[in-house]
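Here are my notes for someone opening this structure for the first time. Have the view ready and follow along point by point.

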Amino acid sequence: MNAPYTIDYEMIFQHAPVGMCVSVDRVIQSCNEALAGMFGHARGQLEGQSFSVLYPTMDEFLRTGDRIVPIMNAKGRYSDERIMRRANGELFWCHVTGRALDSSQPLGAGVWTFEDVSEKRPVTAELTPREREIAALLVEGKTSKIIARETDLSPRTVEMHRASLMRKFSASTSSELVHKLVGVAR
């Protein structure tokens, strides 16, 4: 009979095939090599840093935080795909999932995973921060009306951003735009 194997959680965390981190108030307390490598940082460089260093702009970091709170309060976890920024400035699509350790503090202590999905969804057009936000919400299947409500924009403003995205991605329909955003058609 084999001796029982001792589970080394630190080893599992460090060798996980996806980027992982533990955060408190959106500040990285500890992260694994996969996360640091994905974003082009040394692991030690990210520890103690705000998640804002991973976003294309401070405004996107702040708006995402505002969007996360009500969803975490309702579901206890959060998940989306969004455009993030590597240390060298390159933008890429990333699937992000997180869970608060205390459901009463959605942005307090939490565990987050990050998966680079840029191979199946390359960033092929220069987008404004607001277009990146609208694109991420369109990919989630949200309508202009829902996007307007979640972003505190008018439905007309959302439609203007959608039209701009359609031009930039040479899409003739909203469905074609979403397919191009998710990398189904190139």
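1. Some ground rules first. Helices (H or I, at least four residues) and strands (E, at least two) are DSSP runs, numbered from the N terminus. This is a predicted model, in which local features need pLDDT of at least 70 and side-chain atom pairs count only at pLDDT 80 or more, while totals for chains, interfaces and linings use all residues. Residues are numbered from 1 along each chain as its sequence is written, and side-chain values use heavy atoms, with hydrogens and water left out.

2. Start with helix 5, residues 129–139. Of its 11 residues, 10 are buried, so the rest of the structure largely encloses this helix. Buried here means under 20% relative accessible area, exposed means over 50%, and partly exposed is in between (1.4 Å probe, protein chains only). The buried set is R130, E131, R132, E133, I134, A135, A136, L137, L138 and V139. The cover over them includes helix 4, strand 3, strand 4, helix 6 (144–151), helix 7 and helix 8, where contact is taken as heavy atoms within 4.5 Å. After helix 5 comes G141, with a positive phi near 90 degrees.

3. Next, the cores. A nonpolar core is a set of buried Ala, Val, Leu, Ile, Met, Phe, Trp, Tyr and Cys residues joined through side-chain atoms within 4.5 Å. The largest one has 22 residues, and F39, F51, W112 and F114 have the most contacts inside it. Two or more residues each come from strand 2, helix 2 (33–39), helix 4 (58–75), strand 3 (77–85), strand 4 (91–100) and strand 5 (110–116). There is also a second, separate core of 20 residues, with L127, V158, F169 and A171 among them.

4. Is W112 buried or exposed? With a relative accessible area of 7%, W112 is buried, and its place is in strand 5. Not counting residues up to four places away in sequence, W112 touches G19, M20, C21, S23, F51, I68, M72, Y78, V96, T97 and G98. Follow the chain on to V123, 11 residues from W112, and the two C-alpha atoms are separated by 23 Å.

5. Now the hairpin. Strand 1 (residues 19–24) and strand 2 (residues 27–31) pair in the antiparallel sense over 4 bridges; for two strands to count as paired, DSSP must find at least two bridges between them. Across the pair, V22 stands opposite S30. The hairpin has 2 residues between its strands, and D25 sits in the turn.

6. Most residues other than glycine have a negative phi. D25 is exposed at 56% relative accessible area, and S170 counts as exposed at 55%. You'll find S170 in the loop between helix 7 (155–168) and helix 8 (174–181).

7. Y5, I7, Y9, M11 and I12 make a nonpolar surface patch of about 600 Å². Patch residues have over 30% relative accessible area and no salt bridge, with like charges joined within 9 Å and nonpolar side chains (Val, Leu, Ile, Met, Phe, Trp, Tyr) within 5 Å. A salt bridge is a side-chain nitrogen of Lys or Arg within 4 Å of a carboxyl oxygen of Asp or Glu. Areas come from the Shrake-Rupley method with a 1.4 Å probe; for residues, only the protein chains shown count as cover. Y9 belongs to helix 1 (residues 9–15) and counts as exposed, at 61% relative accessibility.
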